[in-house]
Amino acid sequence: MKTDDGQGKPAVDWARVRADFPILKRQVHGKPLVYFDSANTGQKPEAVIAATEDFYRRHNANVSRAVHALGNEATEAYEGARGKLARHFNVRADELVLCSGTTFAMNLVAYSFALPRLKPGDAILVTRMEHHANIVPWQLVAQRTGATLKVAELHPDGSLDLDGLHKAMTPEVKLLGVAHVSNVLGTVNPVAAICREAARRGIVTVVDGSQAAPHMAVDIAAIGCDFYAATGHKMGGPTGTGILWGRRALLDAMPPFLGGGEMIKEVRFDGTVFNDVPHKFEAGTPNIAGFVGLGAAVDYLDALGMENIATREQELLAHATEELTKIDGLRIFGTAPEKAAVISFAIEGTHSHDLATLLDLEGVAVRSGQHCAHPLLQWLGVGTTCRASLAYYNTHAEIDAFVAALRKVRTLLA
Ligand code: PMP
């Protein structure tokens, strides 16, 4: 995709794009909102809000059960979203499970894939930079199977120690959980190369794409993993939406995670025949309107072009990093060469909660805390960090306002 018009002008009018997001026109504490918490959840363009509302106003019915017109429309809209997501991620729609988010997806793999297979002596390998969603489900499975959890460590800049990771892929390792992009450090991991190495050793790979899907073109087929999870609400879709892609042969061999309606073909008291994949893993009424919204979000991202989004965010990241580096006593955690627009930082002599609270009074929304990554924060040797996470709808002017606010609140705390 072209990122300029051939004469050096951007192919996308980012000011017009920004105008698509009603919430960004808000004021907070009397100041224009500067939303730098997109790694937590992304803001929603008008097209997503309108699609969700239109579903409830005109098409609302349950899916796959009704023969009436609205039921058919709802089913078409829900399955249409699955098709859009499959095209967006370059996978087959019948391998794409629609679920509530990455947390659900990881638990599905943990309970339906790992639990029946792992035994004492087996190991699950994760990296130091994982989100709790890619740690705790494996710990729960390890407790119940007698398997152990192994950890691959990082270089000081927050990139993965790939040699160490490969060395940790010993014969007892049956499964590897790895983030595509770290939600704290922004590090972009070379997941295709990692999955290739794992596959050579017969290790099943689960990639946490929560922080990659909003920032870059993700071609799951090219990555070559066995499972890939992503969360819809970070991609501009509604909360409570996400995907799990899995290889068909693995999904077919896995027992259902949850039982109930929608996931069966026939129920008798002496035995139940389950539905085909992916419906086997979608028990109960799904978040239909949510997925209609996520389908609209995918249309929106595809129209902008994920390459254009990535280029735009790299410009914003470069500007923010340059300006933050000028602040005395400010330390950035995560300086890997391949990095998404997520900046964790701390300022000497200040507490990140105080910084975030005072920044909020200036209209700036950043996250402060441990970012659901306690083991990583323990390694960084800090209790908490502030995290400014940017998206394509942010501006250079907002970064300047954020930096000015940071300088101001820092003096207040000194
Ligand atoms: N993994 C990563 C890297 C994340 O950033 C998040 C969300 N903070 C998750 C998993 C969990 O996503 P969700 O809460 O939508 O299930």
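Buried residues are those under 20% relative accessible area, exposed residues those over 50%, and partly exposed residues those in between, with a 1.4 Å probe and protein chains only. The views below come from a predicted model, in which local features need pLDDT of at least 70, side-chain atom pairs count only at pLDDT 80 or more, and totals for chains, interfaces and linings use all residues. Residues are numbered from 1 along each chain as its sequence is written, and side-chain values use heavy atoms, with hydrogens and water left out.

**View A. Asparagine 90 in the loop between α3 and β4 (96–99).** At 40% relative accessibility, asparagine 90 counts as partly exposed. Its phi is positive, at about 55°, although the residue is not a glycine. Helices (H or I, at least four residues) and strands (E, at least two) are DSSP runs, numbered from the N terminus.

**View B. Histidine 29 in the loop between β1 and β2 (31–32).** Histidine 29, which is not a glycine either, has a positive phi of about 50°. With a relative accessibility of 46%, histidine 29 counts as partly exposed. Most residues other than glycine have a negative phi, and most peptide bonds are trans.

**View C. The cis peptide bond between valine 277 and proline 278.** Omega for this bond is about 5°, and proline 278 is found in the loop between β12 (271–274) and α10.

**View D. The aromatic pair of phenylalanine 21 and tyrosine 300.** Rings of Phe, Tyr and Trp (its six-membered ring) pair if their centres lie within 6.5 Å, and planes under 30 degrees apart count as stacked, over 60 as edge-to-face and the rest as tilted. The structure holds 13 such aromatic pairs. In the pair shown here, the ring centres of phenylalanine 21 and tyrosine 300 are 5.9 Å apart and the planes stand at 85°, so the pair is edge-to-face. Because phenylalanine 21 lies in the loop between α1 (14–18) and β1 (27–28) and tyrosine 300 in helix α10 (residues 288–304), the pair ties together parts that are 279 residues apart in sequence. Phenylalanine 21 and tyrosine 300 are both buried.

**View E. The aromatic pair of phenylalanine 89 and tyrosine 228.** The ring centres of phenylalanine 89 and tyrosine 228 lie 6.4 Å apart with the planes at 45°, so this pair is tilted. Phenylalanine 89 belongs to helix α3 (residues 69–89) and tyrosine 228 to strand β9 (residues 227–231), so the pair ties together parts that are 139 residues apart in sequence. Both phenylalanine 89 and tyrosine 228 are buried.

**View F. An aromatic cluster that includes Phe21 and Tyr300.**
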